[in-house]
Amino acid sequence: MEVDVSRRNMRDIEENVRRTVEEFQAKAEVTTRFKDPVIAYLSTTHPLFDTFFARGENDHPKKIYRPGNTLIVHYVPWAEEIIRSNQDGDRPSQAWMDADRDSLHLAMAINQTIRKTLNKVGRLHSNTSSMIDWDKDLHRYSWSNKIAGFIAGIGTFGPAGSFRGCGTAGSPGSFGRVGSVSTAALYAPEAEPMDSAALEAVFAKVMADCCFAGSGADCTEEMIAACPGGAIGPMGIDRAKCQAHCAKLDPYVPAPESCGKCFRFAGR
């Protein structure tokens with residue numbers, strides 16, 4: 001019976017999230033076009049969380065909300081024309097800036113929808129972040145929804161920590177925004193164990209895919225020239241310089257998404 005209740009609740013979550021996206025896009029002030037949302041359920045005991053926490057790249061989900069057993073991870077991709085609009089010039093395109101803003105508000109609305117749905121069946125829950133808690137000393141968010149999305153298998157990393165959802169066979173996925181809610185409910189299977197070599201290999205690949213300096217990245221001249229902040233060199237991206245440039249675009253949340261000029265080099 002408990003399994004049936006959980007399955008019904010998960011179906012309700014997914015249906016309510018889809019409705020939230022539809023209603024958000026219907027607002028007159030929202031110009032961004034989104035693709036269908038993706039929902040994944042991830043155990044907070046996954047060993048990769050320990051690895052990213054130990055390496056100083058992310059808070060652990062149990063540190064954020066100790067009763068949490070499952071992360072409900074959501075990802076809403078942007079329409080492809082938004083990405084194409086941001087390829088030229090030193091400033092982000094208007095469509096890109098609108099998408100960055102709109103997707104933040106949409107992610108917050110989805111979090112609220114998920115929590116309301118959990119309330120109906122009495123599931124304990126918590127937000128994982130405020131969605132804007134950028135740590136300027138660490139040059140990153142305290143909690144990375146993108147790392148949760150990666151571990152859940154719904155996307156991969158690219159330059160400057162950009163996140164690209166998994167596409168169809170032979171086609172790259174789109175950029176978008178990831179969010180998450182932690183719940184005490186058991187909606188995800190217990191994670192399979194991984195040995196230390198496998199964990200280190202995954203971590204090293206993520207850092208290399210992000211092209212951060214010191215990760216062994218090999219940045220092309222085209223990618224170096226595309227950065228208006230001078231943060232990219234042959235051996236990778238200087239996170240402090242990247243943040244300094246992005247602070248000119250968004251002083252409150254100087255995340256790479258505010259610029260995004262290097263994102264298109266993901267997978268190259």
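**Exercise 1.** Over the face of which residue does Arg 164 lie, and at what distance from the ring centre?

*Solution.* Start with the model: it is predicted, local features need pLDDT of at least 70, side-chain atom pairs count only at pLDDT 80 or more, and totals for chains, interfaces and linings use all residues. Residues are numbered from 1 along each chain as its sequence is written, and side-chain values use heavy atoms, with hydrogens and water left out. Next, the criterion: a charge sits over a ring if NZ of Lys or CZ of Arg is within 6 Å of the ring centre and within 35 degrees of the ring normal. Arg 164 lies over the face of Phe 175, at 4.7 Å from the ring centre. Likewise, the charged end of Arg 239 sits over the ring of Phe 212, 3.8 Å from its centre.

**Exercise 2.** Classify the pair Phe 157 and Phe 163.

*Solution.* Rings of Phe, Tyr and Trp (its six-membered ring) pair if their centres lie within 6.5 Å; planes under 30 degrees apart count as stacked, over 60 as edge-to-face, the rest as tilted. The structure holds 11 aromatic pairs. For Phe 157 and Phe 163, the centres are 6.0 Å apart and the planes stand at 85°, so this pair is edge-to-face.

**Exercise 3.** Is Phe 163 buried or exposed?

*Solution.* Buried means under 20% relative accessible area, exposed over 50%, partly exposed in between (1.4 Å probe, protein chains only). Phe 163 has 2% relative accessibility, so it counts as buried. Phe 157, at 9%, is buried too.

**Exercise 4.** Which residues form one aromatic cluster with Phe 157?

*Solution.* The cluster consists of Tyr 75, Phe 150, Phe 157 and Phe 163.
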